[in-house]
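Let's take a walk through this model together, one piece at a time. Keep the viewer open and follow along.

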Amino acid sequence: MTNHVVYPPMPKPDSVTEFFWKGVDQHELLIQRCLSCGRYQHPPKEICAGCLSTELAPERVTGDATLVTWTEPVKAYDPYFATHQPYIFATVNLVEQEPLRFATNLIDCDGDDLRIGQPLRVAFREVAPGCTLPLFEVVR
Amino acid sequence: MTAMRNRVAIAGVGYSQTGRKLPFSDDQLVAQAVTAALADAGLKPADVDGISTTGGVSMSIGALLGILPLNWFFTSSLYGPSFAETAVMAMDAVAAGSCHTALAIRVIRQPRAEDHPIAAITAGSSADGPVRVAGQQQWTAPFGGSLPAAFIGGLQMQRYMSEFRATEQDFARHAAVQRDHASRNPEALFREALSADEYSQSRYVSKPVRLLDCDYPVDSASAVIFTTPERARDFRKPAILVDSWAMSAVADIDMALLDDFTSNAIGHCSETLWSRTDLRPSDVDCAGLYDGFSIITFQWLDGLGFCGRGEAPGFIAEGHTGPGGSLPTNTDGGACNVGRRHGANFCIESVRQLRGECGERQVPGAEVAVWSNATGSFAGASLLTIDR
């Protein structure tokens, strides 16, 4: 008898987003940066929306961020999140640039204690066998 | 500055039957709504030469209802401010002369389990490995952010509450005021008085969003007939003039990644709208402000300048938005109470108020109305006046 593993939905990377998810597997947060104007961009695209350059490359960022907003989805239709209640879905801003938004989960914290601007740091967690995600924890 | 002014009019409005899991196809719902709008205007199908739709295919609707040939037609990609998109396209087409009489349609059904937005994500077995999600969803689905109540309603409401110190009581009060309006609307699906306590007892969907902050999913179609003012004056009902309209996009579709979670496209759209008219917020007699989630009505009250940014809770508490207030808002009860018409009800209720057709909930002497739709990445709004 095998244990039934419940997985979260996981990304299906394409040629433009592949570097990001490979970085996550290596516990590195890689964000696309324009080689021409220096602007960071997320989600990654083939063109820099700041200067229309097509010369873009992944750059490792610190993983430091601040909290922009958050919510606690209660009614989860997904079997993984239905069995991982409560959880916090959040938008954070990576400190390298304002704005540089990133959607994630906050871990090891209580939703009632959160505030806008709260310092956060990336934490790579294996959420299911072979599935690592970039989550964020509160800097205490 | 007022180049748009009164180049377009509204001649007729109509709804299909509306309710939960009705035994009607999209085609049947559209036919019901269009028939009602044509009867309201006193028009025949052959009087229409343009169709704009969000839901379905415009050309097919023309063929379905014998409205051919068409001089102009538009089908929404669904990545836009819903009914406002289809209405703005119709208004642009009439103003430009591409057609003379355009139907704007929104048909939307209560999601069935199999066509739920994340059904594709959850459909796969999770026993053999994770379901894989591509495109925009890869940035939210792995984190459980796929529900609109989370990535739209939850994120925006929490930010508004934190930034402006709004409280659950503010949203409870708003829900009670909307229900107060609904109690005066025979077509509303919820008409029983709602107390703040009942609001607070409704369950969270995505905290801080409660069930009573969400519009009510139903099967419905809505139709509005836009035409030239000259034609409208010959039709059955008093012409409603479109003073101005605006439509904005400020971000891609990823609403979890907005630069601004409180003003967003609503702020930009409001600014554009006021730049196209001589009317001012103080001229407006009643408002229909989208409430896919109740936070969105707060954002529109702020954005359109009826109060300062973040001041909607106080504005509502002072009674301005309720029956008899200075700006009765969502006098049909809003989509939380009349069901999800995806913006069309705000246009249709505004028309009915300006015509003086609203019975017990009529705003006395209403001459100017504003209606709006959507939030986040995109938004649309329009000012209407009665032809005097």
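Start inside chain B, at helix 3, whose buried residues are B:Phe83, B:Ala84, B:Glu85, B:Thr86, B:Ala87, B:Val88, B:Met89, B:Ala90, B:Met91, B:Ala93 and B:Val94. With 11 of its 14 residues buried, helix 3 of chain B is largely enclosed by the rest of the structure. Keep in mind as you look around that this is a predicted model.

Now zoom out to the whole of chain B. You'll find 13 helices and 12 strands there. Its radius of gyration is 20 Å, close to the 21 Å that the globule rule gives for 388 residues, so chain B is as compact as a globular protein of that length. Along the principal axes, the C-alpha atoms of chain B fill a box of roughly 60 × 50 × 40 Å. Of the 388 residues in chain B, 59% are buried. And if you take the contacts in chain B with a separation of 6 or more, 74% of them are between residues 24 or more positions apart.

Next, pick out strand 9 (residues 240-249) of chain B. This strand is mostly covered, with 8 of its 10 residues buried. Strand 1 (residues 8-15) of chain B runs antiparallel to strand 9 of chain B, and 3 bridges join them; look for B:Ile10, which stands opposite B:Ile240. Strand 9 of chain B also pairs with strand 12 (residues 378-386) of chain B, again in the antiparallel sense, over 9 bridges. In that pairing, B:Val242 has B:Leu384 as its bridge partner.

Over to chain A, which is divided into domain 1 (12-60) and domain 2 (62-140). The centres of domain 1 and domain 2 of chain A, taken over C-alpha atoms, are 21 Å apart. Where they meet, domain 1 of chain A puts in 7 residues and domain 2 of chain A puts in 12. On the domain 1 side of chain A, the touching residues divide into 4 nonpolar, 2 polar and 1 charged.

Chain A also has an open sheet of 3 strands in the order 3-2-4, with antiparallel pairing. Strand 3 (40-41) and strand 4 (56-60) of chain A stand at the edges with a single partner strand each, so one side of each is left without a neighbour in the sheet. Strand 2 (residues 30-34) of chain A is joined to strand 4 of chain A by 5 bridges, and there A:Ile31 has A:Glu59 as its bridge partner.

Finally, how do the two chains come together? The contact takes 38 residues from chain B and 39 residues from chain A. On the chain B side, helix 4 (119-123), strand 5 (132-133), helix 5 (148-164) and strand 6 (204-207) each supply at least two residues. Helix 5 of chain B gives the most, with 7 residues. Sorted by type, the chain B side divides into 19 nonpolar, 12 polar and 7 charged residues. There is strand pairing between the chains as well: strand 5 (residues 64-73) of chain A and strand 6 of chain B pair in the antiparallel sense over 2 bridges. To spot it, find A:Pro73, which stands opposite B:Ser206 in strand 6 of chain B.

Terms used. Residues numbered from 1 in each chain as written. Chains lettered and ligands numbered in written order. Predicted model: local features only at pLDDT ≥ 70, side-chain atom pairs only at ≥ 80, totals over all residues. Helix = DSSP H or I, 4+ residues; strand = E, 2+ residues; numbered from the N terminus. Rg over C-alpha atoms; globule rule 2.2 N^0.38 Å. Buried ≥ 20, exposed ≤ 12 C-beta atoms within 10 Å, placed from the backbone. Contact = placed C-beta atoms within 7 Å. Domains from an automatic or database assignment. Nonpolar A, V, L, I, M, F, W, Y, C, P; charged D, E, K, R; others polar. Pairing = 2+ DSSP bridges.
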